[in-house]
Amino acid sequence: MGESIIEATILRWSKKPGDKVSTDETILEIATDKVDSEIPSPADGILKEIIYPENTVVEIGKVIAIIETEGDAVQPTPSVMPAQEAIVPSTMEKSGAEIPAYEKLTETIITSPVATSSNFAGQDSRFYSPLVKNMAREEKISAEELAGIPGTGSNGRVTKTDMMQYLQDRNKLGNVSSQPPATVLTSPQKQMESNQIQAAGISLSGQGEIIEMDRMRRLIADHMVMSKQTSPHVTSFVESDVTNMVLWRERNKKKFQEKYGENITFTPLFIEAVVKALKDFPMVNISLNGYQIIKKKDINIGMAAALPSGNLIVPVIKNADMLNLIGLTKNVNDLARRARENKLKPEEIQDGTFTITNVGTFGNIMGTPIINQPQVAILATGTIIKKPAVLETEHGDVIAIRHMMFLSLSYDHRVVDGSLGGAFLKKISDYMEKFDIHREI
């Protein structure tokens, strides 16, 4: 399901036990905090058993259904139960085997108020995901108020984005309760974190406002902390003269739009330079597994994208080294658009081998980005600024106005030393500076 994703909600089963299924035919829909997705069948056969019913939150790695590929001898065993009943695989029920501890934990989660709709029963016929119901509880939204929130999801389902927009609008209108949302401590770790916050001496009085992180922001926070704890970060900087790149784009962007129907930004040009440099320095295109270095054959470039909610997501361009500039442009524009619309598929945010983040979008000249684990390096591109620079010519040095940009590379010092990181960063800059201003489109 991609980095940081640890669970998903089963929204709807498209098939029931006993139904025939074909490879790549949609059999269910799921939702995570990042994307809603249709899941295809991995094989031809008959859906023998559904282990987890709709509206259930399931950890990644768990078996959710059984497909009988023999077909003829299938005896379907429906296992869809009422939401309040414990969820136990029927094979364990029949055998009388002891239920493992992790399955008992699942029972606890399913029968808890978070995972059921009991608090909203009788008020609204719409389905609400556990995430939406959690948000409603934390923000003290009643069942009647929740029923009035317009939903943009499938069949009018209220999504996380809908909730966040509603809360923003409600805050602007001053309808937020003066009491801060109650903090629910569900684990010793959270209790410890709460104690640490109190121990820091943070004052909660006066005009301050308590804002609970949404689930996606919590995942991002955990992922960033984990990355800093895992990798000793080092950041190197170079200033690159991208004048040729800027002039070429200005000269050709209208023609590019007319010919291919795509707006060409600087992002595909940056990705093209990074891909070339990764081919020259393949030991940056790696990941670590303990003391094992895993050298990646594919070059999959992640591009950090800011969402309207303020959160961050990293869609991935697979096999970027196999794409020309047109292909890169189409991929960049498509992924960026669907990221903003919350329409990315799970496979589109995983398997990245290197990440680029454009801090220049916000007018920043440089940054020190945090590595997107399990990768070992990430590039930040700053804003492009006109400034005087010294040029060496055959007639001597001259000062000219050039388009300059800072590049910063954060890398994992366990495997990428300063010499490798610095040389790799300089190679990216060289490819950018040597961009062919007469390049045809």
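Which residue in β4 is the bridge partner of I30? Before I answer, please keep in mind that this is a predicted model, in which local features need pLDDT of at least 70 and side-chain atom pairs count only at pLDDT 80 or more, while totals for chains, interfaces and linings use all residues. Residues are numbered from 1 along each chain as its sequence is written, and side-chain values use heavy atoms, with hydrogens and water left out.

The partner is S37. Strand β3, residues 26-31, pairs with β4 in the antiparallel sense over five bridges, where strands are DSSP runs of E with at least two residues, helices are runs of H or I with at least four, and both are numbered from the N terminus; two strands pair if DSSP finds at least two bridges between them.

These two strands belong to an open sheet of four, in the order β4-β3-β1-β6, with antiparallel pairing. Because β4 (36-40) and β6 (57-59) stand at the edges with a single partner strand each, one side of each is left without a neighbour in the sheet.

Let me turn to the second largest pocket, for which I will describe the lining by residue class and by element. Its residues divide into 14 nonpolar, eight polar and two charged, counting Ala, Val, Leu, Ile, Met, Phe, Trp, Tyr, Cys and Pro as nonpolar, Asp, Glu, Lys and Arg as charged, and the others, Gly among them, as polar. At least two lining residues come from each of α9 (266-280), β12 (305-306), α10 (325-340) and β15 (354-358), and α10 gives the most, with six residues.
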